[in-house]
Amino acid sequence: MKRCLAVVMALCLALQLTGCGKGKPQKGGESASKVAMKTVSLQGITYQVPEEWVQQAGETGYWHYPSSDKTAGLLNVNYMEADLSVATSENALKLGYELAFQGVQGSADNFRLDKKEYVDLAGKLAMKVTYTQTIGGRGPYTTVVYLLADVDSDIMYFLIFIMNDELAKTMNPAIAPIVNSVQFHK
């Protein structure tokens with residue numbers, strides 16, 4: 001399970017900006033509270049993103065682009081099925097998050113950790129990590145990752161916000177509303 005989590009996170013981060021086009025950032029979206037939101041469903045959860053963000057489907061999730069310059073950054077929300085039966089305690093779950101993130105950290109170019117903490121997300125313990133990195137020789141990108149496990153369903157979710165300095169003006173105000181909108185289906 002540890003290697004699987006590390007590989008999935010590393011792969012997601014490494015491939016997210018591949019094949020992206022260039023353009024100017026969209027205007028608007030300075031405050032997420034002033035923009036219309038749409039609800040997205042993904043394997044047991046729902047979350048909201050600004051309607052103006054372009055959405056692209058992947059095998060295990062979605063990429064959301066707040067800018068026409070897709071190399072400026074994105075939000076990737078994805079999931080993976082995993083045997084989480086070993087996460088029988090909060091400490092075991094934290095260890096799983098730590099091991100998953102070690103794989104991400106090892107695959108990041110010019111990694112610089114800013115902050116790592118445990119937060120409540122949709123009523124569950126989640127890990128939030130903020131760091132900077134370069135991707136494909138571009139950057140620096142500020143990256144905010146939320147790792148969230150639904151132990152009962154054996155599913156791990158990843159919310160990955162990646163943004164350059166210019167796009168951060170649009171994305172930073174949107175992070176809290178998006179994260180706070182995450183809900184589990186029952």
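A: A residue counts as buried when its relative accessible area is under 20%, as exposed when that area is over 50%, and as partly exposed in between. The model is a predicted one.

Start with T134, which sits in strand β7. Its relative accessible area is 16%, so T134 is buried. The T134 side chain makes a polar contact with the side chain of N110, at 3.1 Å. Beyond residues up to four places away in sequence, T134 touches D109, N110, G139 and P140. Two of those partners, G139 and P140, are joined by a cis peptide bond. Omega there is about 10°. P140 belongs to strand β8.

Now the aromatic rings. A pair of aromatic rings is described by the distance of the centres and the angle of the planes. The count comes to five aromatic pairs. One of them joins F111 and Y131, with 4.9 Å centre to centre and 40° between the planes. That pair is tilted. It links distant parts of the chain: F111 is in strand β6, Y131 is in strand β7, and 20 residues separate them. F111 has a relative accessible area of 21%, so it is partly exposed. Y131 is buried because its relative accessibility is 0%. Y146 and F161 form another aromatic pair, this one edge-to-face. Their ring centres are 6.4 Å apart, with 75° between the planes. Y146 lies in strand β8 and F161 in strand β9, so the pair ties together parts that are 15 residues apart in sequence. Y146, at 6% relative accessibility, is buried. F161 is buried as well, at 0%. Returning to F111 and Y131, ring pairs link them with F101 into a cluster.

Y146 and F161 lead on to the core. The largest nonpolar core has 29 residues. Y47, Y146, F161 and M163 touch the most other members. Elements giving two or more residues to this core are β1 (37–42), β2 (45–50), β5 (73–81), β8 (138–150), β9 (155–163) and α3 (165–180). α3 gives the most, seven residues.

Leaving out residues up to four places away in sequence, Y47 touches K38, T39, V40, L42, Y62, H64, V77, I178, S181 and V182.

Next, the sheet and the helix. β1, β2 and β10 form an open sheet of three strands, ordered β1-β2-β10, with antiparallel pairing. The edge strands are β1 and β10 (183–184), and each pairs on one side only. β2 and β10 run antiparallel and are joined by two bridges. T46 stands opposite Q183 in β10. α3 lies across β1 and β2. It runs at about 155° to β2.

Q43 is in the loop between β1 and β2. Its phi is near 35°, a positive value in a residue other than glycine. Q43 is partly exposed because its relative accessibility is 38%. A122 lies in the loop between β6 (109–121) and β7 (124–135). A122 is not a glycine, yet its phi is positive, at about 55°. At 31% relative accessible area, A122 is partly exposed.

Finally, Q56 in strand β3 (residues 54–57). Q56 has a relative accessible area of 37%, so it counts as partly exposed. Leaving aside neighbours within four places in sequence, Q56 is in contact with G61, Y62, W63, Y65 and K70. Y62 is also on the contact list of Y47. Q56 and N76 are 20 residues apart in sequence. Their C-alpha atoms are 9.5 Å apart in space.

Technical notes. Residues numbered from 1 in each chain as written. Predicted model: local features only at pLDDT ≥ 70, side-chain atom pairs only at ≥ 80, totals over all residues. Heavy atoms only, no water. Core = buried A, V, L, I, M, F, W, Y, C linked by side-chain atoms within 4.5 Å. Buried < 20%, exposed > 50% of the residue type's maximum accessible area, 1.4 Å probe, protein only. Helix = DSSP H or I, 4+ residues; strand = E, 2+ residues; numbered from the N terminus. Contact = heavy atoms within 4.5 Å. Polar contact = N/O pair within 3.5 Å; in protein donor to acceptor, adjacent residues only side chain to side chain. Pairing = 2+ DSSP bridges. Axes fitted to C-alpha atoms, helices over the stretch in contact; angles between N-to-C directions. Phe/Tyr/Trp six-rings, centres within 6.5 Å; stacked < 30°, edge-to-face > 60°.
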